[in-house]
Amino acid sequence: MATEIQEIDLKTDEMIINMGPQHPATHGVLRLLLTLDGETVKHVEPVLGHLHRAQEWQGQNRTWFQYQALIDRVDYLSGMFTSWAMARSCEQIDGTVVPPRAEYLRVMVSEMNRITSHLLWLGTYLIDLGAMFGFPFYPFREREKLFDLFEEIAGQRMMFNYIRIGGVLRDPKPEWFDKLKRFLDEFPDRIDEYETIVTQNPIFLKRTKGVGILTQAVAKDYGVTGPCIRSSGIPLDLRRTKPYSVYPELKFDVITFDKEGDTWDRYMARILEMRQSIEIIRQCIDKLPSGDIMGKKQMAGMRIKAGEGFAAVESPRGILGCYVISGGGEKALRFRWRNPSFCNLSVLHELLKGCPLSDIMAIFGSIDVILPDVDR
Amino acid sequence: MTDEKPSEAEKPEDKKAEAAKPEAAKPEVAKADGAKPADAAKPADAAKPAAPAAAAAPKPAAKAPEPVIPATAGKFEQFLKEHGIPAQRLPLSLEVETIVLSGDVLQAALRLLRNSSEVKLDLLLTISGVDSNDTYDSVYHLWSYSNLDELVIKVLIKKSDVAEGDLPAVPSIANFWSAANWHERETYDLMGIRYANHPYLRRILNPWDWEGYPLRRDYKQLVDCLNDKNPHSMR
Amino acid sequence: MSQGNMSTTAKPNNPVVPEELRESVTISSIDLMIDALGQVLSPVLSPIANLARSNSVWPLTFGTSCCAIEMMSVGMSAFDISRFGSEVFRATPRQADMIITAGTITRKMAPALITLYEQMPEPKYVIAMGACTVTGGMFNDSYSVVQGVDRIIPVDVYLPGCPPRPEGILDALLKLQQKIRTENYADRRKKLYAQTSVRPVDYDTGRPLADLIGVVAEDTKAALSSGQEALGDAAKGISPEAEEGKVVATKPVAPKVEVPKAEAAPAPKAEAAKPEVKKVENTKDEAAEKADDKSV
Ligand code: SF4
């Protein structure tokens, strides 16, 4: 890594620039040490850990019940998925049977969460590309509507703590489904609206087409997952390839592109995923069975059987895994997160090598990194 | 605060012991229970070395779990053994095959599992460090981009083997598998497992000259004016 | 009257400089003139200036984690912070009036936050947003989290919640505006000096400089007591300074350079760690007196 630079025969003076940790476009507190040759990026060394909040340590020092509330903060844009990953791995150890209604509700809320996550990405990505304070108003408008729905079932706008070990927290009222349906009816038009502004926008095309091409070999080498790798032509979508929950009963296809994806493809993959999520939620509403929503008693002294389990879900950023070792007590012995952002970010220096300075933000933004998901 | 610490340290051991009872055949946990008696150390020693002389040793150990585990046992264990790499299957896992490798064959095994056309476990999900009762474990979760196979590989380093003031060492796989790079750095940072021949083994999450390895059980937190109302701290 | 005279004689006379800072603050004659002028004009100018200032508080885009998303939401159409004149999120501290510390501050981030705060021009305000920055919140007992941002920079408005609702942010902003409207010039000047209550944190270790200096002082002490003869005259030269504990806080580099000297006479690290705890408690007591960082 660091030694690679020294091998190259340098003709000009290199310049080392520090970007971050406080930078409006690093989505939080990432720090990049850029080695520049003129305008060209020679090497990038991400410096992580500015948001290391010791989530894994917390997992070992909090009871299961307490830690459920904390893990929404691991990936705050898709809290449903982090809860779900933990719930699944604990259920795997415990052998808890989750009622089917709860499973459908889980799929519904997490697909809604996927939409909010991608919407925020869309807004901030356009800010990264220079569309300051104009475009972002559009996606945030729809986000607020979804947040209102979340608030009704979970009581919080962002930190839901809704998916619990063994089921979900609350059963939504019938009106809630009506509201959701109304949102789903209007949302495709809204996506059209974004697309009219962005997709064929010449400036946007110039910034993104052919920029930051992620080849399959490199992606596999670094363990990249999520929309990034699907847009590079590898159909790895856990919801289909390793189906969990009730996904086998739902109809949808894995979104992939034939070629090796550039930044624009990654944008397009996310837009298509939002449309796909709408369809999945619709199917869920139709198929939703009645019945119980909780398969395990929620109480402060909750225990999980001894054993270890690894479960993963397909979060908006890729495979989010949770490796739990339980000793049968009130606390876990070891809690380990497999965060998609952490792995996807590690490919950044390959993508940025040789690209001009102005593309850094376009490429970095397109990976969709959430910093607590990197640093935990 | 000081009274709390020992009790906390004891708890996990108790739990492990409880865990062992229902499945009495577990060789690993059984070892953990009776680690102190000298006879128990022998099977543990026999399982460890990768020397061809001891290659027969894993087999009797592997026989014991068979009544507990369904017959699907050991696809990857078989595969590795066919290629001359001693591997031992653990009965701990629920659905996923878990095998124990010794450190010196780790690189060869992972190269093989990744590149051979039969298995193609080419998605390294994560490397985790675990501070077990008397071992430091480096745990590799392998998936595949193209099929449904899963495999968990564990490298166990006994705490008694680690010299005072030294770190447990595991060979690094970052040289041929870039995904491992940051995971190994993180495990080094938080758990203090030294990955030998890692290209850039520095702390990744904590500041560069942080002291101690926070996820170890005996870690005591630093107390200063940024962090002084802390129940887990040294006071 | 020469300037030099003025600065030396004026120190005790200036009422604005807090007692504990008189040693370290140097005041030029221009400062004094501005002060005097400000005192005189304050009744007339303050209300006007305050009104103008309070309605255009420009925040810095500083967001580390979850709370930052709510901070973005408050800028968007549903909550619309621009109704209160704060929609201009500035990317550079030089143009900002206020930091909303949205998100957890860790030890690694703390030096950057301090730098940002120090780069902002006066008058500057801080809203500690979210449980994390008020007390450390849910990560209160983590090894890497600063337990409340008020441990490193002075805070004006505390806004609890995890994350606080956007309405909460607006409320905090209104509270801050009230505070600005009731401010007067002399208070502001005091605040400027109180800026030295910022507690610097070391970039590498993420530990407060005061503590590190304490450690180094202990180290030197130990080295000196064990190896006086070995170190010779040069060491004796430093000794009085180190014993009195008057290593100057404004030079973070100096103690770092001294570390190798300590190692000449073997002062084991384990030993150095123990006295450090005592040291910490000292600093904490002093923190109550608001003059911690200079005095260790
Ligand atoms: S207070 Fe809560 S929402 Fe805000 S940064 Fe801390 S954990 Fe995140």
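This is a predicted model: local features need pLDDT of at least 70, side-chain atom pairs count only at pLDDT 80 or more; totals for chains, interfaces and linings use all residues.
Colleague: Start with the ligand. Between which chains does the ligand lie?

Modeller: The ligand lies between chains A and C. The space that the ligand takes is the second largest cavity.

Colleague: Which elements give two or more residues to the shell around the ligand?

Modeller: Two helices of chain C do, α3 (66–75) and α5 (131–135). The shell has 15 residues, and the closest are C:C66, C:C67, C:A131, C:C132 and C:C162.

Colleague: How many residues of each class does the shell have?

Modeller: Eight are nonpolar, five are polar and two are charged.

Colleague: Now the interfaces. How is the size of an interface often given?

Modeller: As the accessible area lost when the parts come together. Take chain A and chain B here: about 4100 Å² is buried between them, and carbon and sulfur atoms give 61% of that. A:W57, A:K242 and A:R336 supply 15% of the area that chain A buries against chain B, more than any other three residues.

Colleague: How many residues does each of these chains bring to the contact?

Modeller: Chain A brings 47 residues and chain B brings 46.

Colleague: And how much area do chain C and chain A bury between them?

Modeller: About 3100 Å², with 64% of it on carbon and sulfur atoms. On the chain C side, C:I69, C:M76 and C:F139 lose the most area to chain A, together 19% of what that side buries. This contact takes 34 residues from chain C and 35 from chain A.

Colleague: Next, charge pairs. How many salt bridges does the rule find across each interface?

Modeller: Here a salt bridge needs a side-chain nitrogen of Lys or Arg within 4 Å of a carboxyl oxygen of Asp or Glu. The rule finds five across the interface of chain A and chain B. One salt bridge joins the side chains of B:K154 and A:E308, at 2.8 Å from N to O. Across the interface of chain C and chain A the rule finds two. There, the side chains of C:E70 and A:R157 meet at 2.8 Å, N to O.

Colleague: Last, the backbone. Which residues does a cis peptide bond join?

Modeller: C:C162 and C:P163, with omega about -15°. C:P163 lies in the loop between β4 (157–159) and α6 (166–181) of chain C. Recall that C:C162 is also among the closest residues to the ligand.

Colleague: What about A:S245: is its phi positive or negative?

Modeller: Positive, near 50°, in a residue other than glycine. A:S245 lies in the loop between α11 (238–241) and α12 (263–287) of chain A.

Terms used:
Residues are numbered from 1 along each chain as its sequence is written. Chains are lettered from A and ligands numbered from 1 in the order in which they are written. Side-chain values use heavy atoms; hydrogens and water are left out. A residue is near a molecule or strand if one of its heavy atoms lies within 4 Å of it. On a 1 Å grid over the protein atoms alone, a cavity is a set of points where a 1.4 Å probe fits but cannot get out, and a pocket is an open set with protein on both sides within 12 Å along at least five of seven lines; lining residues have an atom within 4 Å of a point. A molecule sits in a cavity or pocket if more than half of its atoms lie within 2 Å of its grid points. Helices (H or I, at least four residues) and strands (E, at least two) are DSSP runs, numbered from the N terminus. Ala, Val, Leu, Ile, Met, Phe, Trp, Tyr, Cys and Pro count as nonpolar, Asp, Glu, Lys and Arg as charged, and the others, Gly among them, as polar. Contact means heavy atoms within 4.5 Å. Buried area is the accessible area (1.4 Å probe) that two parts lose on being put together, summed over both.
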